[in-house]
Amino acid sequence: MRAPVSVVIPTLDAAARLPACLTALMEGVEAGLVRELVISDGGSRDATAEIAQEAGAALITGEASRGGQLRRGARVAKGEWLLFVHADTVLAPGWAAAVAAHIEGGQARAACFRLRFDTGGLRPALVAGWANLRTRALGLPYGDQGLLVTRGMYDAAGGYRDIPLMEDVAMARALRGRPVLLPVGARTSAARYVAEGWFRRGLRNLWTLARYLCGADPSALSRGYRRSGHRS
């Protein structure tokens with residue numbers, strides 16, 4: 001039987017962090033879980049393309065827009081299940097077993113991972129804790145937690161929207177049922193939180209989410225984020 005999972009990774013000048021992401025994903029390849037890696041690039045000017053090719057990934061290119069890149073990647077992916085992972089996310093050891101158990105359990109629900117940061121301390125733990133609580137209570141994981149869906153779920157939700165911000169939230173809201181929070185961490189970069197301040201950044205993210213849920217235009221929200229740095 002063919003491996004069931006296609007992994008889709010959107011990239012833009014991701015050469016510094018992509019190798020760690022890909023190394024963690026090899027666990028799924030070795031377990032016979034991952035069928036293919038699809039890297040959807042938005043016009044990188046660094047060594048992202050070379051790293052993708054060395055890893056044996058399928059590389060597609062297009063305009064830089066995370067929603068559009070995810071959509072293009074999903075379009076060419078051939079797996080029964082799709083796993084969307086950001087290039088600066090590193091899945092913790094044991095992720096392949098957790099995903100396999102979810103798939104074999106026959107649950108007709110999407111799934112994601114528990115958010116972790118690549119630095120320790122109280123503030124990172126509180127921000128990650130809020131993100132995981134938001135996922136359990138509201139069913140709204142962000143993209144840096146990954147997203148596992150069947151092709152049928154993805155298509156029924158209309159796929160990722162090609163919008164400049166909140167494509168992850170739009171997808172989560174379009175799915176039927178709340179995603180399952182798998183018992184495995186997804187470690188992401190804390191650099192933007194460190195640069196801006198943990199609580200300031202967290203409050204900005206919360207305010208942006210609230211505005212989006214109230215109907216704010218993603219383009220307007222994105223312009224504000226370009227002035228202050230992008231959401232992790």
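A crossing of two helices is right-handed if the near helix is turned clockwise from the far one by less than a right angle. The exercises below apply this term to a predicted model.

**Exercise 1.** Determine how helix H5 is oriented relative to helix H9, and which residues form their contact.

*Solution.* 
Step 1. Helix H5 covers residues 122-138 and helix H9 covers residues 198-213. Their axes lie 10 Å apart and form an angle of about 20°.
Step 2. Angles under 35 degrees count as roughly parallel; therefore H5 is roughly parallel to H9.
Step 3. H5 and H9 cross in the right-handed sense.
Step 4. On H5, the contact is formed by Arg123, Pro124, Leu126, Val127, Trp130 and Arg134. On H9, the residues involved are Trp198, Phe199, Leu206 and Leu209.
Step 5. Sorted by class, the contact of H5 with H9 comprises 8 nonpolar, no polar and 2 charged residues.

**Exercise 2.** Classify the orientation of helix H1 relative to helix H4, and describe their contact by residue class.

*Solution.* 
Step 1. The axes of H1 (residues 18-30) and H4 (residues 95-104) come within 8 Å and cross at roughly 50°.
Step 2. The crossing of H1 with H4 is right-handed.
Step 3. H1 contributes Ala24, Leu25, Glu27 and Gly28 to the contact, while H4 contributes Trp95, Ala96 and Ala97.
Step 4. The contact of H1 with H4 contains 5 nonpolar, 1 polar and 1 charged residues.

Conventions. Residues numbered from 1 in each chain as written. Predicted model: local features only at pLDDT ≥ 70, side-chain atom pairs only at ≥ 80, totals over all residues. Heavy atoms only, no water. Axes fitted to C-alpha atoms, helices over the stretch in contact; angles between N-to-C directions. Helix = DSSP H or I, 4+ residues; strand = E, 2+ residues; numbered from the N terminus. Parallel < 35°, antiparallel > 145°, perpendicular 65-115°, else oblique. Contact = heavy atoms within 4.5 Å. Nonpolar A, V, L, I, M, F, W, Y, C, P; charged D, E, K, R; others polar.
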